[in-house]
Amino acid sequence: MAIILTDADLRTQIASGVALVDFWAAWCGPCRMVAPVIDELAADYEGRAKVCKIDVDAYGETAAEFGVMSIPALIVFKDGAEVERVVGARPKAELAALLDKHL
């Protein structure tokens, strides 16, 4: 399962190593489509990268701070800095390639 983030712990989780953060909302169809892929990636990358989710409805200020305008927004962070961003539901292989590129 992906790590469920809040405003309070987002920065701590992305501060070191590689992390994929899924900015999503419950009402978003493409977000629901990609949710199982996110959970599969969390299992596949356990111990190598963090795979996280943050609800933009609950934490809108954080989404705005990161410039999230459309969801799902999937942002890869390395040691706290954004290194990649894709918007929209993507296949597992594409998301895995994003993570692999920064590991």
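Asp-22 stands opposite Leu-74 in strand 4. In this predicted model, strand 4 covers residues 73–78 and runs antiparallel to strand 2, residues 18–24, with six bridges joining the two. Both belong to an open sheet of five strands, ordered 1-3-2-4-5, in which the pairing is mixed. Strand 1 (3–4) and strand 5 (81–87) each have a single partner strand, so these edge strands are left without a neighbour in the sheet on one side.

Helix 1, residues 7–14, lies across strand 1, strand 2, strand 3 (50–55) and strand 4, and runs at about 150° to strand 2. Helix 4, residues 92–102, also packs on the sheet, where it touches strand 2, strand 3, strand 4 and strand 5. The direction of helix 4 makes about 165° with that of strand 5.

The cysteines come next. A search of the whole structure finds one disulfide, which joins Cys-28 to Cys-31 at an S to S distance of 2.4 Å. The link of Cys-28 and Cys-31 is right-handed, with 80° about the S-S bond. Cys-28 and Cys-31 are both buried.

A disulfide requires a pair of cysteine sulfur atoms within 2.5 Å. Cys-52 counts as buried because its relative accessibility is 0%.

Definitions and conventions
Residues numbered from 1 in each chain as written. Predicted model: local features only at pLDDT ≥ 70, side-chain atom pairs only at ≥ 80, totals over all residues. Heavy atoms only, no water. Buried < 20%, exposed > 50% of the residue type's maximum accessible area, 1.4 Å probe, protein only. Pairing = 2+ DSSP bridges. Helix = DSSP H or I, 4+ residues; strand = E, 2+ residues; numbered from the N terminus. Contact = heavy atoms within 4.5 Å. Axes fitted to C-alpha atoms, helices over the stretch in contact; angles between N-to-C directions.
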